[in-house]
Amino acid sequence: MNRLFLPLLIALLALTRPACALDAHGHEAAVDQSAIIVAFLNNLKADNSVYMSSRKIEFFAALSKGQTPVATVVTCSDSRVQANMFDRSPEGDLFTVRNIGNQMATAEGSVEYGVHHLHTPVLLFIGHSRCGAIAAVSGNYSKESAAIRRELDTITISKDLNNIDGVKANVHNQVTGARLKFAEEIGAGRLLVIGAVMDFADDLHQGAGKLHIVNINGETDPAKLENVSALLAKLKPKAAPEAAPKKPVASKPAAAPAAAAHH
Ligand SMILES: [Zn+2]
């Protein structure tokens, strides 16, 4: 028996007695957690089989050689936000860090790894509509555990903002923090820090599911954000003879061609 499977089986057996939850009327209602878990595992296996069979061996061979991701991405852990919303094949493209409130402060090592070791030319922060972390920070979260409070404490937004404006304010704050931390890389033209909001709830009234770019290296004017080439030209260092190349490919293995094919 698989070593990983045994503890899972024990956990499943422990759950065979239905757990109880309160229904809308405050009565205890049975929730069959084991059925949910079994369905989840079945779905996981089935979807993974489809994934394996729908890709060629070359795709996995390319991934096996190493990674040269384009972006270090810091996004909220919220289950409603996933990479396939803005990247059809994220494998090899995105070095992803996730936590509650898409904040850099409690994930600094992971973000540094993406920027300093993988040399991603983009650092992208993604907030999202209806964010629970932002809702918590806007209210009183003193009853949360110390571990949760430690992460929420890093989010500093005005409590009078509505949720979507709080999400945007937090994204702007994260971009500001990253610009300070990675000032050298930005100054040398090696890094662009982008702030975005995934609006699956259409709270910004431009279509449900739209990914809004709200900040590029501190620029927040919507008209200017549309013209990325002009922004890049402005950000390019005027004279940087010692500036390193954007992607020191010589020290890294080849990118995954299958993942890059969609871009
Ligand atoms: Zn969230």
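Colleague: In what order do the five strands of the open sheet lie?
Modeller: In this predicted model, the protein has eleven helices and seven strands. Five strands form an open sheet with mixed pairing. Its edge strands are β4 (94-99) and β7 (210-216), each of which pairs on one side only. The twist from one strand to the next averages 25°. The order of the strands is β4-β3-β5-β6-β7.

Colleague: How many bridges join β5 to strand β6?
Modeller: Strand β5 (residues 122-128) stands between β3 and β6 in the sheet order. With strand β3 (residues 71-76), β5 pairs in the parallel sense over five bridges. Strand β6 (residues 192-199) also runs parallel to β5, and here the number of bridges is seven.

Colleague: Which residue in β6 is the bridge partner of I126?
Modeller: The pairing of β5 can be followed residue by residue. L124 of β5 stands opposite V73, and in β6 L124 stands opposite I194. For I126, the bridge partner in β6 is A196.

Colleague: How many of the seven residues of β5 are buried?
Modeller: A residue counts as buried if 20 or more other C-beta atoms lie within 10 Å of its own. Strand β5 is mostly covered, and its number of buried residues is six.

Colleague: Which residues have the most contacts inside the largest nonpolar core?
Modeller: This core has 37 residues. L124 touches A71, V73, I194 and A196, residues up to four places away in sequence not being counted. The residues with the most contacts inside the core are V73, L124, V193 and A196.

Colleague: Of the 21 residues of α2, what number is buried?
Modeller: Helix α2 (residues 33-53) reaches 30 Å from its first C-alpha to its last, close to the 30 Å expected at 1.5 Å a residue. The helix lies largely in the open, because the number of its residues that are buried is zero.

Colleague: Is H119 buried or exposed?
Modeller: H119 is found in the loop between α4 and β5. Its phi is near 55°, a positive value in a residue other than glycine. Most residues other than glycine have a negative phi. Because 21 other C-beta atoms lie within 10 Å of H119, this residue is buried.

Colleague: How many C-beta neighbours does R130 have inside 10 Å?
Modeller: R130 is placed in the loop between β5 and α5 (132-138). R130 is not a glycine, yet its phi is positive, at about 55°. R130 counts as partly exposed, a class that falls between 12 or fewer neighbours and 20 or more. For R130 the number of neighbours is 15.

Colleague: Of the contacts with a separation of 6 or more, what percentage joins residues 24 or more positions apart?
Modeller: The pairing of β5 with β6 joins residues 122-128 to residues 192-199. Over the protein, the share of these contacts between residues 24 or more positions apart is 63%.

Notes
Residues numbered from 1 in each chain as written. Predicted model: local features only at pLDDT ≥ 70, side-chain atom pairs only at ≥ 80, totals over all residues. Helix = DSSP H or I, 4+ residues; strand = E, 2+ residues; numbered from the N terminus. Pairing = 2+ DSSP bridges. Expected span 1.5 Å × (residues − 1). Axes fitted to C-alpha atoms, helices over the stretch in contact; angles between N-to-C directions. Contact = placed C-beta atoms within 7 Å. Core = buried A, V, L, I, M, F, W, Y, C linked by C-beta atoms within 7 Å.
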